[in-house]
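Keep it open while you read.

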Amino acid sequence: MKHMARGFALPTLMVMLSLASIATLLAMRNLWLNDQLLNAEADQLRTQHKAEAAMPVALADIMGSATNSDGTTNLRHVAGNTSQTHAFFPASMAEYDLLRQRLGTLSSACSVGICAPHTLDPKTTKASYWKTQNASAMPVGAADTPYGDNTAWYWVEVFPNDGTSAANVTSPPPFVYRITAMAHGVMPGSATVLQAVWARQNNTSITGQWRSWHVLHD
């Protein structure tokens, strides 16, 4: 009986060691998976923060003046003459028509982050569309974000405001702005695209209201 007990002891020990090894491997695999999920979630949050940080930069761009702080002309707020072709933020419907005419000669309805689309294209509500439009975007510089250059971009689509007002009410601002911001993450292929609509309180107001703020998906 003693010899039989000794004979079973080694196989039993080997089975127990195998089970312990399998349990250890499974635990290590679960730890690795959890670590990967946490890293992906952290990267997603950082990327969304980058995109959110680009929104006020885009708004400041919209609210800029025709003159820079050093006294030079800010072409992003000046239509210029008929020989010029730069994109700018229009202040009237006549300027808006001029902007559309200039952008109409390009393959995209956007240039340096300023867009004047003819219609509401369904594909512009998809993240995949904007991920391929970097060439027409306005990059967010290192001075405007703690994340550095080439990490975030934005586009501002200018749309005429079709709202109507009573005769005794101040007319609505002529334009509303749909801002799309995109940021790249650290992990390969990681990106977040945000989109929101902003409108002034009135024609001369420096304040406005954000609308329909959301993350774009495909």
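β4 (152-160) and β5 (175-184) run antiparallel and are joined by nine bridges. Strands count as paired if DSSP finds at least two bridges between them. Helices (H or I, at least four residues) and strands (E, at least two) are DSSP runs, numbered from the N terminus.

A word on the source: this is a predicted model, in which local features need pLDDT of at least 70 and side-chain atom pairs count only at pLDDT 80 or more, while totals for chains, interfaces and linings use all residues. Residues are numbered from 1 along each chain as its sequence is written, and side-chain values use heavy atoms, with hydrogens and water left out.

**The strands**

Along β5, V176 is the bridge partner of F159. β5 also runs antiparallel to β6 (residues 191-200), again with nine bridges. Here H184 stands opposite A191 in β6. The hairpin of β5 and β6 has six residues between the strands, and G189 takes a positive phi near 75° there.

How much of β5 is buried? Nine of its 10 residues are, so β5 is largely enclosed by the rest of the structure. Buried means under 20% relative accessible area, exposed over 50%, and partly exposed in between (1.4 Å probe, protein chains only).

**Helix α2**

β5 also takes part in the packing of α2 (residues 93-103), whose buried residues pack against β1 (110-111), β2 (114-115), β4 and β5. Those buried residues are Y96, L99, R102 and L103. Seen down the axis of α2, they fall within an arc of 120°, so they line one face of the helix; the arc is that of the directions from the helix axis to the C-beta atoms. On the other side of α2, A94 and Q101 are exposed.

| Residue | Loop | Relative accessible area |
|---|---|---|
| T151 | between β3 (138-139) and β4 | 11% |
| H77 | between α1 (2-62) and α2 | 17% |

Which residues surround them? Contact means heavy atoms within 4.5 Å. Leaving aside neighbours within four places in sequence, T151 is in contact with K50, T145, M182, A183 and H184. H184 is the residue that stands opposite A191.
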